[in-house]
Protein chains: 2
Amino acid sequence: MTIKALTFDVFGTVVDWRSSVIRDGERLGERVGLDIDWAAFADAWRGGYGPSMNRVRTGELPWTKIDDLHRMILDELLKKFGISGLSKEEIADFNRVWHRLAPWPDAAGGLWRLKSRYLIATLSNGNVSLLANMAKYGGLPWDCILSAELAGHYKPDAETYLKAIELLSCEPREVMMVAAHQGDLHHAAGVGMKTAYVFRPFERGPNAKKDLPPDLDFDIIAHDFHDLADQLGCH
Amino acid sequence: MTIKALTFDVFGTVVDWRSSVIRDGERLGERVGLDIDWAAFADAWRGGYGPSMNRVRTGELPWTKIDDLHRMILDELLKKFGISGLSKEEIADFNRVWHRLAPWPDAAGGLWRLKSRYLIATLSNGNVSLLANMAKYGGLPWDCILSAELAGHYKPDAETYLKAIELLSCEPREVMMVAAHQGDLHHAAGVGMKTAYVFRPFERGPNAKKDLPPDLDFDIIAHDFHDLADQLGCH
């Protein structure tokens, strides 16, 4: 294998969206006096993500940034959970919680090690400004922010992977997709990319049902980003 | 002014392309035994840049990465300067000198200061992989690599600036273009961006004729990136 660049799924693979949304929700709830099951809220918010991207992927909606999709879902959830009385600014700020997701404990350290040997880039459905703000917030040392937004196609459309490969001036086999989600990796492999699966058993919380064991056809299976760096020969 | 992001011209503004190309040319010349005026070579290579981008801008060429435009110019210059006997790998590597340009002495330090308060991004005609490699080489801490390549239009086409503003999820007035070239800033101002002019008196070498004094309508006129950071209130 001659790998030049690593591209990373972000939500769930690099950052712990669930705990971060719960934490921000709890802080908002304390400030304005709300009694909400924020874990259920976080799961519902994330649950709306795939279906709303599919509305873009099928052409029902024109290209829409994740920030705006998150906001459409949030507006529905505020009604559903009976939350009223928030100011326009409070709602806009809560929607930006997705810019303030905390990295998994090994993520920043592992990325610094990987960066010493490879070009490391995001390859996320998050929009460019969301990913850049999140990197500043979490200290993620990306060499490059790549996003579905640059292709005008959401993963797992092949165009998203192909656009990233083109922007990296690489051959598909020179780029390794890193993700905690097997579907993402199967689609990356489908365009000729290498694949690294990373276990993130707590992405969906402590009580979520376990993922299926990873496909042994992935080029690398790693416990976390430090293990990935070890397996890729980084100091 | 409420500035959220700074976008930077790169060749000449952040990095000293001329000295870097001369230095790499001299090393190549020593290794393979060539007696060439590398300053003239560097100036001719850079001199071919505007005209070759114009072939893309006018539609004579389809979208072509700067790497490939640099290579087209290089192939002509090798003939013109009577350079033969280089291997395919040596030519390809010399073309990548544009990925290895050294920052001006204040650039990396100034960018770290600016980064503490603003989102900092490239906005260059260089392609994404060139800019990402250059950042690794020179220690440039960009939050985001933005490029003409993402718009499919070279500066100073308005589309290039507008695509960057859209990807930053900003209003034009929230983004400040930083450049050592007045034309770049005038076009940025034309789409509503703020402007910062930085003096780079040695971009074209010690004997180049002086630039015209900067337009006093620019929002900031700075001696270098530390002066820019001071004027923008960064610690």
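**Group meeting: a two-chain predicted model**

Okay, let's start with burial: of the 235 residues in chain A, 44% are buried, where buried means 20 or more other C-beta atoms within 10 Å of the residue's own, exposed means 12 or fewer, partly exposed is in between, and C-beta atoms are placed from the backbone. Before I go on, this is a predicted model, so local features need pLDDT of at least 70, side-chain atom pairs count only at pLDDT 80 or more, and totals for chains, interfaces and linings use all residues. Residues are numbered from 1 along each chain as its sequence is written, and chains are lettered from A, ligands numbered from 1, in the order in which they are written.

Now the overall build of chain A. You'll find 11 helices and 6 strands in chain A; these are DSSP runs numbered from the N terminus, H or I with at least four residues for helices, E with at least two for strands. The C-alpha trace spans about 55 × 35 × 30 Å along its principal axes. The radius of gyration of chain A is 18 Å, which agrees with the value near 18 Å for a compact globule of 235 residues. That radius is taken over C-alpha atoms, and the globule rule is 2.2 Å times the number of residues to the power 0.38. Of the contacts in chain A with a separation of 6 or more, 66% join residues 24 or more positions apart; a contact means C-beta atoms, placed from the backbone, within 7 Å.

On to domains. Chain A is assigned domain 1 (5-16 + 101-231) and domain 2 (17-99), with bounds from an automatic or database domain assignment. Their centres, over C-alpha atoms, are 23 Å apart. Domain 1 of chain A puts 20 residues into the contact and domain 2 of chain A puts in 14. On the domain 1 side, helix 7 of chain A gives the largest share, 4 residues.

So how do the two chains relate?

Have a look at Ile145(A). Leaving out residues up to four places away in sequence, Ile145(A) touches Ala121(A), Thr122(A), Val128(A), Leu131(A), Ala132(A), Cys144(B) and Ile145(B). In the largest nonpolar core, which has 138 residues, Ile145(A) and Ile145(B) are among those that touch the most other members. A nonpolar core here is a set of buried Ala, Val, Leu, Ile, Met, Phe, Trp, Tyr and Cys residues joined through C-beta atoms within 7 Å.

Last, some backbone details. Lys155(A) and Pro156(A) are joined by a cis peptide bond, omega about 5°, and Pro156(A) sits in the loop between helix 8 and helix 9 (158-167) of chain A. In chain B, the bond from Lys155(B) to Pro156(B) is cis with omega near 10°. Ser169(A), a residue other than glycine, has a positive phi near 55°. Ser169(A) counts as buried because 20 C-beta neighbours lie inside 10 Å.

How values were computed:
Two residues are in contact if their C-beta atoms, placed from the backbone, lie within 7 Å.
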